[in-house]
Structures are given as C-alpha cells and as structure tokens.
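Keep the coordinates open as you read.

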Amino acid sequence: MSHCHTCAPALEKKQVVPAGRSVILVGNPNVGKSVLFGALTGKYVTVSNYPGTTVEVTRGSATIAGEAWHVMDTPGTNNLLPMSEDEQVTRDILMSERGYSCLQVCDAKNLRRGLLLAVQLAEAEVPFVLALNMYDEALGRGIAVDHARLSEALGVEVVPTVAVQRKGLPQLAEALAKARASRFLVRYDDAVEAAVAEVVPLLPGHGGLGKRALALMALVGDESLAAQLAGRMSPAQLAVLDEARRRLAARYPESLRFVISRQRLAAVDRLHDAVLTRAGGTSLGSSFARRLGGWATHPVLGLPFLLAVLFVCYEFVGVFGAKTAVDFLENTVFYEHLVPWFDRLVRLLVPGGAVQTFLVGPAGVPFREHGGLLVGRYGIVSMGLSYGMAIVLPIVTTFFIAFSFLEDSGYLPRLAVMVNKLFKRMGLNGKAVLPMVLGLGCDTMATMTARIMETRKERVIVTLLLALAVPCSAQLAVIFAMLGGVTPVAAAWFAGTVLLVLFLVGWLAAKVIPGRGSDFMLELPPLRLPQAGNIAVKTLARIEWYLREALPLFILGTLILWGLDRVHGIALLEKLAAPVVVGLLHLPKEAATAFILGFLRRDYAAAGLFLHYEPFMKAGTMTREMNIEVTVALVTITLFIPCIANFFMILKERGWRTGVGVAGFILPFAIGVGATVNVLMRWLY
Amino acid sequence: MGAPAPRRREVSCPLCGTSFDPEGLGCRPSCPLAKGCRVVCCPSCSYSFPQETGLAGLLRGLLERRHHDKEHP
C-alpha cells in the first residue's frame, strides 16, 4: 500500500449546500461507511427518513479536488436485490438518483461480501470507486489484497483506507474525481443471457441503474421493482417480461434469485481467489475443498455426509463424553471425593445439632436416603452441582468441542444450505429455514429472528417449529449422551421420529405459508482444517457461558425439588402425573419430576433421566423395556415445551396469547407422539 | 501504510465468517434471562454465539501474542 500516507486533512468540510457533483456511499453493514461519510462531510449533515419508510438517510457536502460535492450515506446492504426495507431503500436511492458516482466501502477482511456488491454495481453501470476499508486490520490478520490487480480486473479505482485514522482519504478523493463505470461483466449461462437480451429492450431507459442490472432484477421477480416498472411499461411489455421470466424459471428446480446469485457468486469467488492471499491459512486444497463443499450442500449427497458427521459426534459425545468422562467426574471426583469432603467440612464447621442435620443430614446415613439441603437426596451440592458439573458439563464440553470443529471447518453453514434446499423442496418459505438453523445455537435467540418473516402467521409458525422440534446445543449434547446408551435401532427410532415430526410440521407449515418467498442467502466461508487453539478458545467461551447460564438454574431446580420433598410434594406430583407418565408413556414415575423441571432447562430434565439409566448403560444391561423407555422419554423431552428462557421470549415477541397457545399445542402433542412411539416400539421393536 | 494499528478485538461469525466488533451487538436487551449473558448476534446473519471474554478471552490473547511473536520475531 505504498501510496497510502498518514494524511493531512485533504477534504474541506462545509455546510450542506447545492453542489454540482454527487457521490452516494454504499456498502455492506458494519464496514465503516458512516465513519468515512463523517470524514468526508464533517458535522454539517441532514438526516431524514426516506419517503414512505422509517429508514434514515444522511446527506452532507464536501469539497473534493476543488469541487463541491453532495454526499449521501445509505443503509448497509449486501445485495441490490433487496431482502429488507434497508436494502430496498439503498437500491431505490441508486435507481432514482441521477448523474452520481458511488463510493463503495468494503471491509477488507470480508472481501468476498464486498465484491458481491461491487459486481452488482458493475452490472448496473454505475461509476464507482472501491474503498478497501479497515485495511490495517486485514493486514493484522494476514490477509493481503492485491488492490492493483483488483483495480485492473474491475476497471475502477481501488483504494485501501483506514477511515477511523483518516488514512487513504487523499487517494480516495483523487479517485472519486475520476470514478468510472466498471468493465467487469459476470457472464451467466446461455439461458439467463438470452432472457436478459430479450428483456433489456423492454425496460424504461432513464434510471440510475443500467438496463442489464434492471433486467436481472426483473427476471428474479423482485416485487418492489415490479411495482415501479408497472407504471413505466405498457401492459404488452409487462406480459413479455412475465413470459420470459416464466420460461426461464421453468428451466431450474431452484428459484431464479438463487440461480443468478449462485452464478454471480461463482464469478466473485474467482475474482476473490485471484486477488486475495491469506498468510498461515490452512484451507484444504482448493479444488478438493470445493468438491467436498459441493457434496456437503447437495440435497441428496449431503445426507450421507451429514450421517457421517452425526456418527462421529455420537461416538465422541455419546460414548467418550457421556460414558468415560461422566463416569470419572461423577463417581471418582464427585461421589468418592468432593461430596464426602464437603460433608466432612460442613460437619466440622457446624458441629452437631439441628442445623448440621438440616444442611447435610444425620451422620452415618448415606446422602441418597436423607433430605439435607447441601448434601442429601435433593442437596444443592450432591444433586444440583453434580448434575451441572459432573453429568451435563462433560457431555456439553465434548459436544462444544465437536460443534466448534464443525463451525471452524466451514461445515455448519453448508449444513444450513443443505437443510434450506430440503425445506424448499417441501415448499417451505426459504426465510423460515434461517431461524431453525440458528436454533442449533440457542432457540431463545433464534425465536427473535422469526421477526424476519413478513406476516404474523408466518412468525407464529416459525416460532412453533423452533419450540417444537429444533434442539438447542445443550439439549443436543444430552441427546447424544442418552443415545450412546441405547441400541442403534432404538437411536434410529428416536432420530426417525423427530425428523418425521419436523418434516410433517414443516410440510403443514408450507401449506399455510405458500410460495417460494425470499431465498436464504448465506456466504459460505471456505472449508478449512480447524486450528486446535481456536477450538479451545471457542469451547472455553461456551463452557463459561453454560456455567453462567445453566448452573444457577440447576441449583434453582434442585431447591424446588428439595422444597417439594420437604412437604411430600414430589410423591403427590408423581401421583398426579402417573396417568400420563406411567399409564400413557410407560415410563418410571420419577420421570414426572424430570419433565416438570425440564421447563427450567431441558438438559436438567435429561440429566435426571440419564442418571436413572446410567448404571444399566454402563454395565451393558439395558433391557428391551429400558431401550423403549429411553427412546420414548427422549422423544417426549425433545418435543416438549421450550425452556423458560425461550418461553418468555415467545411471550415477549408474539404476545401471551400466542405463547400460551404454542405451549398448549406442544404439551399434548409431545405426549401424544411419545405415547404413539411407545405403542409402536412395543409392537415393532 | 506501515505496521497495523492497535485494533479493537473483533469476533468472526462462525456461521457466515463476517468479522465484526461485538460492542453493542449483544443479545441481552431482548432476552428475559439475559442478565450477564455474553451471547452476541452476528449483524450479518443473526447467528448467536458466546463472546470470548473471561478465561476464553485470556486464552485468545495468549494465542494471538504467540502468533504475533512467531510472525515478527
């Protein structure tokens, strides 16, 4: 970056005044666009809502290379095919303004995303300059962009900048004065190119965006654009456009938005790989990685890929984590050393009397046979801490290691794409898939993302699907652990049932949410060999998060049980739940408390069940009856009402009526499916 | 442009790869059980994951220093 000096102020600032030339700042969200806008214009700006929206647009003035310029900032966008109101405002500004140049601000660390927008500006024949912002941070991460080569390939000026330090601004000012349209052209397949050629002559000729870009937008069926075109094209022209779109769409199983985006991304990938070098990267060999990546996202080939990944997770979490690690922590660390040591410590500090008995029970009586508050049947240390630290912690730790490996390898986003393809084949709106994939991280947070759905009905259905059949990471971990103790056939019963429910409910949802809707757009990072250090950091971050979030709830749950035990409430609870738990689901009566406390944390519920069957799993003496019981219990708990955090989020996001309605549907539904699996397994298993 | 300036600690989204400053992107205001929660939401794809603070932050700092020392002995 030889021509980038630490700068003296090169751009004079003044109040917003009429100006001869104008520049529009565009860029992805969070790339430092507003900082650059501030550096160009100073503090004299006007902020107003874009007509008909609540989206704010900022305008200002600057003197660039001796000329007065009007400067406009736009909301962050990833695509000129809008997926949100913000993106639509940016696209509409570019379409309605005349005679402007664009300053595209791109995060040099996320070049691929920036290039996706750059090639669309090129398609739109907009004169522009590309600022590679945060260039110092990219260098710090070992990312180097050959900006001269990028400039040559795009045919526009490319300037590395560090906006917060005003570095690169004089060069940017010089470049802006000679902004020009890019000569970079994405060549689509013959059918798309033929359709573009047919549509271009029909389109109105006066607009900020070139006809090729408008033709591509019109072909993908952008509704916001259709409304604008309707007033400027004759009914006959609109009919020809519609026919061209229908003919083109019939050639592909996917939506045209997806087809065009995929071909555009392929061109961006080639450009990206040609100009970017990454020091110390451990990407898999590029052609092999691309092929592997292709299999991982394929709706058919992706399934064996997914099964292989699940099998490895099952072995690592269900066998190593749930058996070896739990055995050591639970029996050796907790019950042989920690609990007796704590018991002795309390007896030493609180000698004799009722207080000692209240805390750790009568001396000489095994802790599982008394009701001590700290050490006892439902003791905070002997149950709450041991559930959290000795049973669930080793399980979630192994799962977090596996999950971090999947994230860092680049497989997780590919799984999202594959699931998206499967759901789309079922006819489900593409937007509905994203919250469900995000649910694998945390269902509570994913519930919030259901906001992206357009209608209330859609939001409710996505919320329901999330609460019903998408297990969060902690729950997935204990599912793997429990499955490690049953036969492969019983594990297949569980997986088959949950998948069947998910697809059945998804299919029904597709009936209620018809149409292709918006597509799921996700940039796929390259497949990489994960680094041990990164996995250690991520796992540690997740363990800390788990301990802070889950452990207090485990202790609260234990206190509730302890309190109920003192007033003989547990026996009453088990008696009340017996018709369902014992009569309908054929589970041991103790499972009732697990189900009820599962409302606090689903992993808490599973930990109780795990402990119940653990001796038999370890000894390899699980009977047919027990295999059925574990499968039925797991199916019911997986489909059971969401944890308390998720439930409150549903109430907050969707209102109490919907929240109670969702819970009111899920409760009998989960028990009904559990009872059906119980009957079928006893007959067929 | 010379040596990289001291930078804010950024995080990289495990789902879509976007690098971003987690400041202000925590999910806490919207979650009813979020007091002290360190989950952060990616501004690009909304994927949520825990921030690398505490011990994880220390380990990340240690690894970055080792990496830096190796690159610039």
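Which residues touch the most other members of the largest nonpolar core? They are A:I395, A:F399, A:A477, A:V478 and A:M482, in a core of 122 residues. A nonpolar core is a set of buried Ala, Val, Leu, Ile, Met, Phe, Trp, Tyr and Cys residues joined through C-beta atoms within 7 Å. Buried means 20 or more other C-beta atoms within 10 Å of the residue's own; exposed means 12 or fewer, and partly exposed lies in between, with C-beta atoms placed from the backbone. Helix α15 (residues 380-409) of chain A gives the most to this core, 18 residues. Helices (H or I, at least four residues) and strands (E, at least two) are DSSP runs, numbered from the N terminus.

The model is predicted: local features need pLDDT of at least 70, side-chain atom pairs count only at pLDDT 80 or more, and totals for chains, interfaces and linings use all residues. Residues are numbered from 1 along each chain as its sequence is written, while chains are lettered from A and ligands numbered from 1 in the order in which they are written.

Take A:F399. Beyond neighbours within four places in sequence, A:F399 contacts A:V317, A:G321, A:S473, A:L476, A:A477 and A:F480. A contact puts two C-beta atoms, placed from the backbone, within 7 Å. Another core lies apart, with 82 residues, including A:V71 and A:L176.

Chain A holds 28 helices and eleven strands. Of its 685 residues, 49% are buried.

Now confidence. The model scores ipTM 0.80 and pTM 0.64.
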